[in-house]
Amino acid sequence: MIGVIAQAQQVVIPEIPWGALSPELVLFGAGILALLLETAGHTRVKVSAGALVVALAAAAGVFVMTGDPVLPVLLGLAGVAQLALTFTWRDRPRVLSALIATLGFAATLGTVTWQWLRLSAVEEAGGLLAAESVLGDMVAVDGIALFTRVTVCLAGLLAIPLGWSYVEQRRIHRGEYYPLIIFSAVGMNLLASSQNLIMVFISIEVLSLALYILTGFAKRDLRSQEGAFKYFLLGAFSSAILLYGIALTYGVAGTTNITEAGVALLAADAPTGLSLAAMALLMVGFAFKTALVPFHMWTPDAYEAAPTPVTGFMAAGTKAAAFAAFLRVFAGGFGDLAWSWVPALWTLAAITMIVGAVLAVVQDDLKRMLGYSAIAHAGYALVGLVAVTRDGVSGTLFYLLVYGIMSAGSFGVLSMLERRQSAAVRIADIRGLGRRYPVPAGFFSLFLLSLAGIPGTAGFMGKFGVFRAGVEAGQVTLVVIAVVSSMIAAFFYIRVIRAMFMEEEPSELAEVPLLTTPGISTGLAASAAVVVVLGVLPTAVIDLAWQAAAFAG
């Protein structure tokens, strides 16, 4: 007994890096607060006051541990803001939940900015952001994680105003809607910063479970339930494959740390067959999450079945987070083994770009068309990974950011159109839209032209970055395939624009108004502004992506 007591006295309590984990903690706290306020009823103000006390205590603790006043001030202001919002909107819980979710994403962006400035202050030679590895090397705080967190938070901020009226009209505006969006974003942020394969798996499950529920959120819609069920089955299947890859990696390398596993797999005494099998299984697992052909089967059904604002959030956030993990594992941990996995990813990228574009051409449903378009765009982003250079990594990060904005805006317009006719939107349904409603049609045209990669838009700059990285890395044939795919994709984007501005409006929709709200108008205007600005003046954001690309080159 004395020996046990002596050992217990020697136990060292690990120090939790609160500052390094602040984005996930702030976002998770916002989700918990939204749930508590939803269920608190007439005691909402008391619960909010308690949350303010917790926020102030957390701010004081962070200041004592770090000595940096920026993050404590942000936490304190967020606590005061949520109390003010709760007092003002205590009798309208849905409005309050939406505002708390918006505040959570905005506060998370503030903590990410604080982390970026703090890392920049100790910047290493060569223009790379100084990186941290915390929680026993499970979580990385570096450029890849921070840049991806920005993309995910922007997707969340756009999804809330663009989806408000949609979920109201479909009568699916329930209390768990906003917390589920927040919890899926927490999983995305953790996935982008995962430095250990175990954390990769946990993060994928966190974000996936929330998205499964959101996909089937329209409980009375059989199509929504079918899409959610397909998404769940294929998601579970892909998670099992990824887990097998993690197990094989641990069996060969003796560790699940991404960097250490790459070093061990590179060692001469590592079994070559098992090493290749481990990388192949990991590649297939990530290919499911990023919707690469032939592992894309879930994408069109899930995109079509989910509530349209949720589809936009999925397309933007999930792809950014999954590609961040893809980059970290292969361009980072397995970068020295590129000779073994680049040919396989080259093939997947080529097939994905062609199949995604060709199948999108034959779609009549606009959500399915954008679903297959998302598959093609995953292939474009993969060009930067196949390059295995710093230019390739930075190009992919920038491309995922602009794709997220374009995608959120496109699905935002579709949510307006679905509210207009209370049904799925087909190309025939948008004929003549530009004549009666030129502003929404103009926004939609801008997003489609950007997705097509027309010069002057953010989509062109994104494609130019990854294509240039591919050419400089010697992947000229793959870039040619990407250009051909882009030309095919331009056909179905321009076909939609032609229908809106050059065809007559259907008689059955002539008297049906297209309703908008200040939230939708603000979300679409913000998305359009980013698309234009990053298409004309992208230098500042490209420089940030270059700083973030700390793995390759």
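Predicted model: local features only at pLDDT ≥ 70, side-chain atom pairs only at ≥ 80, totals over all residues.
**Close-up 1. Helix H7, residues 177-192.** This helix has 16 residues, and from its first C-alpha to its last it reaches 23 Å, which is close to the 22 Å expected at 1.5 Å a residue. Of the 16 residues of H7, 16 are buried, so the helix is largely enclosed by the rest of the structure.

**Close-up 2. The largest pocket and the residues nearest its centre.** The space in the largest pocket amounts to about 700 Å³. Its lining is made up of 25 residues, and those that lie nearest the centre of the pocket are Leu-25, Val-26, Gly-29, Ala-55 and Leu-75.

**Close-up 3. Helices and residue types in the lining of the largest pocket.** At least two residues of the lining come from each of helix H2 (22-40), helix H3 (44-66), helix H4 (70-88) and helix H5 (93-121). Among the contributors to this lining, H2 gives the most, with eight residues. When the lining residues of the largest pocket are divided by type, 19 are nonpolar and six are polar, whereas no charged residue is found there.

Technical notes. Residues numbered from 1 in each chain as written. Heavy atoms only, no water. 1 Å grid on protein atoms, 1.4 Å probe; cavity = no way out; pocket = protein on both sides within 12 Å on 5 of 7 lines; lining within 4 Å. Points joined across faces, edges and corners; volume = space filled by probe spheres on them. Helix = DSSP H or I, 4+ residues; strand = E, 2+ residues; numbered from the N terminus. Nonpolar A, V, L, I, M, F, W, Y, C, P; charged D, E, K, R; others polar. Expected span 1.5 Å × (residues − 1). Buried < 20%, exposed > 50% of the residue type's maximum accessible area, 1.4 Å probe, protein only.
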